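Subject: Structure handover

Hello,

Here is the structure I promised to pass on. Please open it next to this note. My findings follow below it.

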Amino acid sequence: MIFEVTGEEAIKPRVWETAVAEVIPRTKDVKSFRFPKPEGFQHKAGQWMYINIKIEGTQKLHHFTISSSPTENYLEFTKKITDSQYSQALDKMKPGDWAKINAPFGEFTYSGEKIKIGALTGGIGITPLHSICRYCVDEKLPTSIVMLYSNKTEDEIVFKDELEEMHKADPNIVVKNVLTRQPDWKGLKGHVNTDMIKEQIPDYRERVFYICGPPSLNEAMKKALEGLNLREDQIKLEDFTGYQ
Ligand SMILES: Cc1cc2nc3c(=O)[nH]c(=O)nc-3n(C[C@H](O)[C@H](O)[C@H](O)COP(=O)(O)OP(=O)(O)OC[C@H]3O[C@@H](n4cnc5c(N)ncnc54)[C@H](O)[C@@H]3O)c2cc1C
């Protein structure tokens, strides 16, 4: 007899070899890489995976959030391409190229808990929140998410169209783009701070805040929340170590 394993039991990390299925440019220096999802693989929205690629014959590994949602039939990660050797090798990858994946890992997740979410992120830190928003839309969850998403300029906003489309499909998902270096921007401008959070998320006391990005951005976001007297369990944090 074959028992189907579902729920928490099924979410165990495993390692497998695979090949790139699709590469999708997102902004001038951000790309998504998609892989087939193996039979029976399960993960939670917001989890991450180890990606091994071969650079001059040697395997090199970094970790990346699964930017796709558990509701989708592929696994995707989305990387900011820098000058590093790993980034440059990744930038050249095309469908059919070898990779090894070890996944899923991480606690920065959302699986339909009865909470309201406040999200604070910037740049590439959007990846787990993209997965979480997509999951809520696809599963038709009643979850309210209000996100302040910081970038320098409009053309650096990763998943801009996708996030707008999600808001149209589910008005409970609200993404407010905050730009620091675009004087003609009609939306929110400057750095996310305590006053901006109070103004833009007036019911902040009722929310659990998901903060994600490079450590320096996360420090600034944590500082902005300090003035709001939130409980410790109202803040969830994911540090993208490896960036400044
Ligand atoms: C949980 C998690 C999720 C992440 N998700 C994403 C994502 O969705 N998209 C994305 O672009 N990036 C993500 N990152 C960051 C990613 O793993 C790389 O660190 C980052 O992309 C920098 O790589 P690089 O090629 O630009 O530079 P590299 O030169 O390869 O790395 C920069 C420096 O950081 C060191 N380093 C690299 N990776 C790590 C690490 N993970 N921890 C500590 N030191 C490290 C290197 O040795 C080097 O000195 C995530 C990191 C974590 C921890």
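One term to begin with: a contact means heavy atoms within 4.5 Å. This is a predicted model, so local features need pLDDT of at least 70 and side-chain atom pairs count only at pLDDT 80 or more, while totals for chains, interfaces and linings use all residues. Residues are numbered from 1 along each chain as its sequence is written, and side-chain values use heavy atoms, with hydrogens and water left out.

**S32**

S32 sits in strand 3, residues 30-36 (strands are DSSP runs of E, at least two residues, numbered from the N terminus). S32 counts as buried because its relative accessibility is 0% (buried means under 20% relative accessible area, with a 1.4 Å probe and protein chains only). Beyond its neighbours within four places in sequence, S32 touches E22, V23, I24, R26, E76, F77, T78 and F159.

Two of these partners also make polar contacts with S32 (N or O atoms within 3.5 Å, one able to donate a hydrogen and the other to accept it; residues adjacent in sequence count only if both atoms are side-chain atoms). The side chain of R26 meets that of S32 at 2.7 Å.

Four strands form an open sheet in the order 1-7-4-5, paired antiparallel (pairing takes at least two DSSP bridges between two strands). Strand 1 (14-19) and strand 5 (58-65) are at the edges; each has a single partner strand, so one side of each lacks a neighbour in the sheet. Six bridges join strand 1 to strand 7 (residues 98-105). V15 lies opposite N102 in strand 7.

Best wishes

Key: Buried < 20%, exposed > 50% of the residue type's maximum accessible area, 1.4 Å probe, protein only.
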